[in-house]
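Welcome, and thanks for taking a look at this model. Below is a short tour of selected residues, helices and aromatic contacts, with the cut-offs given along the way.

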Amino acid sequence: MVNKEMAEQASQKPGFIAALDQSGGSTPKALRLYGIEESAYSGDEEMFALMHEMRARIIKSPAFTGDKVMGAILFERTMDGEIDGVPTAEYLWKERSVVPFLKVDKGLEDEKDGVRLMKPMPGLDDLLDRAVKKGIYGTKMRSVIDGANAEGIAAIVEQQFKVARQILGHGLMPIIEPEVTISIEDKAEAEDILLAELTKHLDALPEERQVMLKLTLPTKANLYEPLVNHPRVQRVVALSGGYSRAEANTKLGQNRGVIASFSRGLTEGLSAQQDDGEFNRVLGESIDSIFEASVGG
C-alpha cells in the first residue's frame, strides 16, 4: 500500500534526495574519503559496520531533516540495520521526515555495446517484500552508459523498465538510473539517444503508473525538461556523477525542475575525525547548497 504522505512529499516537496547507498565495491572509497583507511578494518563486516556508523551520523545530524532532504536512498544492509534501536527506514520517516528509498541492483555486467547492464537480480521479489514491510517507499537501480551506442542504450532502458514494472507490482516507486559517464567524448549524443528511448518507454506505461528518473546532469541545459513534465514521471533527480559539489550545483541550477540526488557531492568535506560540531556545520553547509541548487533550477 503506497504511503500517500510519502508520495506527496516525493512528488511535490522542495528539496533533494540524499544518496546513502554505497555498496560493496564503492564502500572502501567512500570510507577513505571520510578519513578511514582500509588498514582500519578487517573484512566486510567491519567495513560495513563503519559505513553504517557514517550513515547514521549523517542521518542523526540536526541538518538532516525533511525540511531540505526530501528523501534518502539506502543500501540493503543499512535498511536491515537500526539507528538508536529503531529500524533505519522507520527512523528516517518518523524521526527525520525523510522518505526512504532502497538500492536494489546487484552491480553491473561487463561492458557490451558501449553500456554496462545490471546483473541479474534473482532474489528481487523477496527483497521487495522485505522493503515493503520495513516501510520503504521506493527503489533505485543503476546501469551505466559509456558511449553513444544506440543499440546499447536501447538495451539499458529496456532492462530498466522491465525491472521497474516488477517493482511497481509490489507497490513501490522505482527510480530508474541509466547513468551517462561524464568523461566520454560523445556524452551529448548519448544523452540525445537516452532521451528518445526514455520517452518511448514512458509513453508506453499505463496511465495509472509513474516512475522516477535519476539522470546524469546533461551537457545541454534543460535537455530533460520534457521528462520533468511527462505525466508518467513523478520526479527527475540528478546524480553528481564525479563532479565536485560546486560543479554539480552549478549544472543542476541550469536545469528547470530537476532536483539533486547526490552521494559524493553530499558527503564532500565530511571526516570521521571531525567533532560533532564541525561535522554538523560542514554537512549543514552541504545540504544548504544542494537544496538551493535543487529549488533554483
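Where is the place of valine 233? Valine 233 is found in strand E10; helices (H or I, at least four residues) and strands (E, at least two) are DSSP runs, numbered from the N terminus. Before going further, please note that this is a predicted model, in which local features need pLDDT of at least 70 and side-chain atom pairs count only at pLDDT 80 or more, while totals for chains, interfaces and linings use all residues. Residues are numbered from 1 along each chain as its sequence is written, and side-chain values use heavy atoms, with hydrogens and water left out.

**Buried residues in strands, a helix and a loop**

Valine 233 has 6% relative accessibility and therefore counts as buried. Here buried means under 20% relative accessible area, exposed over 50%, and partly exposed in between (1.4 Å probe, protein chains only). Leaving aside neighbours within four places in sequence, valine 233 is in contact with Leu202, Gln210, Val211, Leu213 and Leu227, where contact means heavy atoms within 4.5 Å. The C-alpha atoms of valine 233 and glutamine 210 are separated by 5.2 Å, although these residues are 23 residues apart along the chain.

Isoleucine 17, in strand E1, is another buried residue, with a relative accessible area of 0%.

Leucine 92 belongs to helix H5 and is buried at 0% relative accessibility. Among the residues that leucine 92 touches, beyond four places in sequence, are Ile59, Phe64, Ala72 and Pro100. With alanine 72, 20 residues apart along the chain, the C-alpha separation is 8.1 Å.

Aspartate 21 sits in the loop between strand E1 (16–20) and H2, whereas glutamate 179 is part of strand E8. Each has a side-chain polar contact, as the table shows; a polar contact is a pair of N or O atoms within 3.5 Å, where within protein one must be able to donate a hydrogen and the other to accept it, and residues adjacent in sequence count only if both atoms are side-chain atoms.

| Residue | Side-chain partner | Polar contact |
|---|---|---|
| Aspartate 21 | Lysine 140 | 2.8 Å |
| Glutamate 179 | Arginine 142 | 2.7 Å |

Apart from residues up to four places away in sequence, aspartate 21 touches Arg55, Ile73, Leu74, Phe75, Lys103 and Lys140. By the same rule, glutamate 179 touches residues including Arg142, Thr216, Leu239 and Gly241.

Which residues of helix H1 (residues 4–12) are buried? They are Met6, Ala7, Gln9 and Ala10. These cover an arc of only 165° around the axis, which puts them on the same side of H1; the arc is that of the directions from the helix axis to the C-beta atoms. On the other side of H1, Lys4, Glu5 and Gln12 are exposed. The cover over the buried residues of H1 includes strand E2 (69–74), helix H5 (88–96), strand E5 (99–103) and strand E10 (233–239). At the N-terminal end, asparagine 3 caps H1, with a side-chain oxygen 2.9 Å from the backbone nitrogen of glutamate 5.

Helix H8 (residues 187–203) has 17 residues and should span 24 Å at 1.5 Å a residue, which agrees with its end C-alpha atoms being 24 Å apart. The expected span is 1.5 Å times one less than the number of residues. Among the buried residues of H8 are Ala188, Leu194, Leu198 and His201. Their cover includes strand E7 (138–145), helix H7 (150–168) and strand E9 (211–216).

**Aromatic rings**

How many aromatic pairs does the structure hold? There are three, counting rings of Phe, Tyr and Trp (its six-membered ring) with centres within 6.5 Å; planes under 30 degrees apart are stacked, over 60 edge-to-face and the rest tilted. The rings of tyrosine 34 and phenylalanine 279 have centres 6.5 Å apart and planes at 80°, so this pair is edge-to-face. Tyrosine 34 lies in the loop between helix H2 (27–33) and helix H3 (43–60) and phenylalanine 279 in helix H12 (residues 276–296), so the pair ties together parts that are 245 residues apart in sequence. Tyrosine 34 is buried at 5% relative accessibility, and phenylalanine 279 is buried with a relative accessible area of 1%. The charged end of arginine 57 sits over the ring of phenylalanine 279, 4.0 Å from its centre; this term requires NZ of Lys or CZ of Arg within 6 Å of the ring centre and within 35 degrees of the ring normal.
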